[in-house]
Amino acid sequence: MSSLGVLLDIPSVRLALVALVLGSVALPIVGVFIVGLDIMPVRFAMMHVALLGIAIGLLTGLDPLLCALVLCGLTGGALTPLARSATGLSGAMGLLMTLAVAAALLVLSISGVNANGAFELLWGSILATRPADVLALAALAVVVPLLYALRRRDLALLLHDRELALCSGVAVERLTLILLVVVAVAIASAIRLTGALLVDALTLLPALAARRVGRSLPAMIRWSVIFGLAFNVGGFFVSLILDFPPGPTLVLLGGVCTLLLHAVPAVYSQRRKAISR
């Protein structure tokens, strides 16, 4: 425990912990939006768009993460017309991912920029978190819960059924635009913590676990934040104690806990049915 205390005295470790706590407030709620809208391919496409943004940042000398945030936000907004149908987004995401990766590699190649910098950001490093990353996560920790609080009824209708939301007078097009931009920016913001390839640990895993125990949207939102804090902060402390890499550790912890939540009640239910026979 004394070594843990020593580690927590290191500024980069404390900054990483603050970033994880802030990220665990907003990003799991974004995960609930992703699950509710059934736009799983979007977050994967945004990871590729983020790589393009990082490449542009390295080429122009601007902040790579800022470029990734802006490009992801613009792309998320541009996807809104495709979200009118259930299949509209999924078909276009493959094209978007391919174009984004090709453009990123081309930009890196013709500019002579060291591609390692871009791919290091893709893998992420919690301990490389900067104050600017914490500020971005702090802004999300305010904006996302506030969006949910102000538009809870509309969100509940939209996440349940788009047609029902339209019939109930919800401004579906505008709300979808807002959600897609929030999802895109949130994914780009989470890149620094776990990397684009492991960003699901901060968004989807808490949301999937919350869907198992929550029976309403407010319950899912509450549980997603609770699970987000438990998985991410718990995984971070486990990685410090065992001297494991933080990103994979918190992903594995969250993944195993989510699997147990889905598996254990099913086993219990099967046993009850067997006993009742």
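Which residues in α2 meet which residues in α12? We'll get to that contact below, after a quick look at the whole chain. This is a predicted model, where local features need pLDDT of at least 70, side-chain atom pairs count only at pLDDT 80 or more, and totals for chains, interfaces and linings use all residues. Residues are numbered from 1 along each chain as its sequence is written, and side-chain values use heavy atoms, with hydrogens and water left out.

**The whole chain**

- The protein chain has 13 helices and 0 strands, where helices (H or I, at least four residues) and strands (E, at least two) are DSSP runs numbered from the N terminus.
- Read along the sequence, that gives the pattern α-α-α-α-α-α-α-α-α-α-α-α-α.
- Of its 277 residues, 47% count as buried; buried means under 20% relative accessible area, exposed means over 50%, and partly exposed is in between (1.4 Å probe, protein chains only).
- Take the contacts in the protein chain with a separation of 6 or more: residues 24 or more positions apart account for 74% of them. Contact here means heavy atoms within 4.5 Å.

**α2 against α12**

- Two packed helices are described by the angle between their axes and the distance between the axes.
- For helix α2 (residues 11-37) and helix α12 (residues 217-242), the angle is about 150 degrees and the axes are 8 Å apart. The axes are lines fitted to C-alpha atoms, for helices over the stretch in contact, and angles run from 0 to 180 degrees between N-to-C directions.
- α2 and α12 are therefore roughly antiparallel to each other; the cut-offs are under 35 degrees for roughly parallel, over 145 for roughly antiparallel and 65 to 115 for roughly perpendicular, with the rest oblique.
- The crossing of α2 and α12 is right-handed. A crossing gets that label if the near helix is turned clockwise from the far one by less than a right angle, and is left-handed if anticlockwise.
- Now for the opening question: on the α2 side, the residues are V13, A16, L17, L20, V21, S24, V25, P28, I29 and V32. On the α12 side, they meet L217, M220, I221, S224, V225, G228, L229, N232, V233, F236, F237 and L240.
- The residues of this contact of α2 with α12 divide into 18 nonpolar, 4 polar and no charged. Ala, Val, Leu, Ile, Met, Phe, Trp, Tyr, Cys and Pro count as nonpolar, Asp, Glu, Lys and Arg as charged, and the others, Gly among them, as polar.

**α2 against α7**

- α2 also packs with α7, at an angle of about 35 degrees and with the axes 8 Å apart.
- The crossing of α2 and α7 is left-handed.
- L15, V18, A19, L22, G23, V25, A26, L27, I29, V30 and F33 are the α2 residues here, and they meet P131, V134, L137, A138, L140, A141, V144, P145 and L147 in α7.
- The contact of α2 with α7 divides into 19 nonpolar residues, 1 polar and no charged.
- V143 is found in helix α7 (residues 131-150) and counts as partly exposed, at 47% relative accessibility.

**Salt bridges**

- There are 5 salt bridges in the count, a salt bridge being a side-chain nitrogen of Lys or Arg within 4 Å of a carboxyl oxygen of Asp or Glu.
- D133 and R130 pair up at 3.1 Å, N to O. D133 is buried, at 2% relative accessible area, while R130 is partly exposed at 25%.
- D63, R130 and D133 are linked in a network of salt bridges.
- R153 and D154 form another salt bridge, at 3.0 Å, N to O. R153 is exposed at 53%, but D154 is buried at 15%.
- E173 and R162 form a salt bridge with their closest N and O atoms 3.9 Å apart. E173 lies in helix α10 (residues 172-194) and R162 in helix α9 (residues 162-167), so this pair ties together parts that are 11 residues apart in sequence.

- T75 sits in helix α4 (residues 64-78) and is buried, with a relative accessible area of 15%. Leaving aside neighbours within four places in sequence, T75 is in contact with M46, V49 and L96.
- D243 lies in the loop between α12 and α13 (246-276) and is exposed, at 68%. Its phi is near 60 degrees, a positive value in a residue other than glycine.
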